[in-house]
Amino acid sequence: MKKALHLMLSVTLLGAMVGCGTNSNSSNGAVEATPAPADSKPAASTPAKKVELKVFMGFPRFKDQFDKYFEQFKAKEKAEKNIDVTINLEMPNPDQAKQILQTRLSSNDAPDLFTLHAVADVPSYYKAGYLSDLSNQPFAAGLFDNVKKTVTFDGKIVALPLESLEWGYLYNKKVFNDLSLKAPQTLDEMKAVIEKLKANKVTPFELSFQEAWIPQLIMALSLGGIVNSEHPDWIQKMNKGEASYKDVQDVFNIIDIVMQNGTDKPFEVGSAQGSTDFANGKAAMWVQGPWQAEAIQKVNPKIEFGVAPLPVSNNPKGTMINLSTSTSLAVSPTSKNKEVAMDLLNYILDAKDSSALFQELKFNPVSKVHTYKSFPWIDEAMTYVSQGKAYQDLSLPNGITDEQAKLLQSYYAKQVTKDEIIKALDKKWADAIKGQQ
């Protein structure tokens, strides 16, 4: 009986093998599975992991560009890691962004990624424990050396640079060429340019003081030029309580010239309207950086403008380009989705996609992965840099820049005097140093 049963099982198995043998393509006779019928359902795929990132950026004029780029990242993360990313992007007005961010950071409500100023913010934010160490992230290896230094603190890379800048003031090249004018290198030369512009019914300067950070740019350039050419140890002395803004009060020379020779009703004009006015030739010069290039060319694609250093005295050595990294991107150490946050950070300098983003934003290349050609106004600014007429952005205590901005608005409105500004800034600086101790 057992032999018969054994024989029956053997015949059954042999029949099954013969029936399947027509589906085998293997040279060693291995048996392959019969294909599933066309109407059968595939096995369910693994559900995507859902992650939400909070991203805080202080330049709303670039919202469309970053919205588009973040959509690319979301598709990449889904395809490569099966992670379904939601990005909540917050872009407040630049005048409010820093205060909002600092409130979030100090109240343990930090965004996963946020922008900050490489020179002004990195030291204090790092000491407060708000910045992750990014030294081992893939993007770091490709950074240009001079850019890498600006986002390195305590031997660590703590931010990804977005805007590497060579800036001074913007000027309309067609207007200058039509009147046979050259970018002035001294205060007297600037006064002569202004007189010729006025004689030809051209307003010298675009004034857009609705946003406090814009008049502050005049102070940033004038202070940089005066300090680096005449008072190289002024920052160190101020930090020791051994100096005053009175020592560098010549910064008001060019500030007064700009404010007295500009467009009407500046408090009704912000950066957006200022870009439109400058693009349409309402003024020949604008103390503003090349970060406005995208907005200007959007209004007038044919405009030709240059970048030149702002004269601060009759010593041409003080007429210098500001060479720095400003807006940078950091990752919070308290991020609950740090791995995905790091993926997004690295995608900002992606070898394949970031060149198109930076070119669209009209930012300078900051990494070896960037292959696009630099812009004419940057090439012009770099001619001054190559001549040694450039300086690294000054490192001021936290809060000083914002205080200067508000005071300059009040100064134009004749609500404060130079002496009152000097007194207020000296006090603000001293208080900031005490707060660091």
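Two cavities of 30 Å³ or more are held within this structure, which is a predicted model.

**Cavities**

- By class, the lining of the largest cavity divides into five nonpolar, two polar and two charged residues.
- The second largest cavity has a volume of about 40 Å³, and its lining is made up of Glu206, Leu207, Ser208, Phe209, Ile214, Ile218, Val258, Trp286 and Val287.
- In the lining of the second largest cavity, seven residues are nonpolar, one is polar and one is charged.

**Largest pocket**

- At least two residues of the pocket lining come from each of α3 (94-106), β3 (113-117), β7 (164-167), α8 (213-230), β11 (321-325) and α16 (400-412), and the largest share, seven residues, is supplied by α3.
- The lining of the largest pocket comprises 23 nonpolar, 14 polar and eight charged residues.

**Nonpolar core**

- The largest nonpolar core has 134 residues, of which Phe66, Leu223, Trp234, Tyr245 and Met285 touch the most other members, and α8 gives the most to this core, with ten residues.
- Leaving aside residues up to four places away in sequence, methionine 285 touches Tyr169, Leu170, Tyr171, Phe176, Met190, Val193, Ile194, Leu197, Pro204, Phe205, Glu206 and Phe278.
- Among these contacts of methionine 285 is Glu206, a residue that also belongs to the lining of the second largest cavity.

**Sheet**

- Five strands form an open sheet in the order β2-β1-β3-β12-β6, and their pairing is mixed.
- The edges of this sheet are taken by β2 and β6 (160-161), each of which has a single partner strand, so that one side of each is left without a neighbour in the sheet.
- β3 and β12 (residues 327-331) run antiparallel and are joined by five bridges, with phenylalanine 114 standing opposite alanine 330 in β12.

**Residues with positive phi**

- Asparagine 82, although not a glycine, has a positive phi of about 55°, and asparagine 82 is found in the loop between α2 (63-81) and β2 (83-90).
- Asparagine 82 counts as partly exposed because its relative accessibility is 27%.
- Lysine 201, likewise a residue other than glycine, has a positive phi near 60° and is found in the loop between α7 (187-199) and α8.
- With a relative accessible area of 80%, lysine 201 is exposed.

Terms used. Residues are numbered from 1 along each chain as its sequence is written. This is a predicted model: local features need pLDDT of at least 70, side-chain atom pairs count only at pLDDT 80 or more; totals for chains, interfaces and linings use all residues. Side-chain values use heavy atoms; hydrogens and water are left out. Helices (H or I, at least four residues) and strands (E, at least two) are DSSP runs, numbered from the N terminus. Ala, Val, Leu, Ile, Met, Phe, Trp, Tyr, Cys and Pro count as nonpolar, Asp, Glu, Lys and Arg as charged, and the others, Gly among them, as polar. A nonpolar core is a set of buried Ala, Val, Leu, Ile, Met, Phe, Trp, Tyr and Cys residues joined through side-chain atoms within 4.5 Å. Buried means under 20% relative accessible area, exposed over 50%, partly exposed in between (1.4 Å probe, protein chains only). Contact means heavy atoms within 4.5 Å. On a 1 Å grid over the protein atoms alone, a cavity is a set of points where a 1.4 Å probe fits but cannot get out, and a pocket is an open set with protein on both sides within 12 Å along at least five of seven lines; lining residues have an atom within 4 Å of a point. Grid points are joined across faces, edges and corners, and a volume is the space filled by probe spheres set on the points. Two strands pair if DSSP finds at least two bridges between them.
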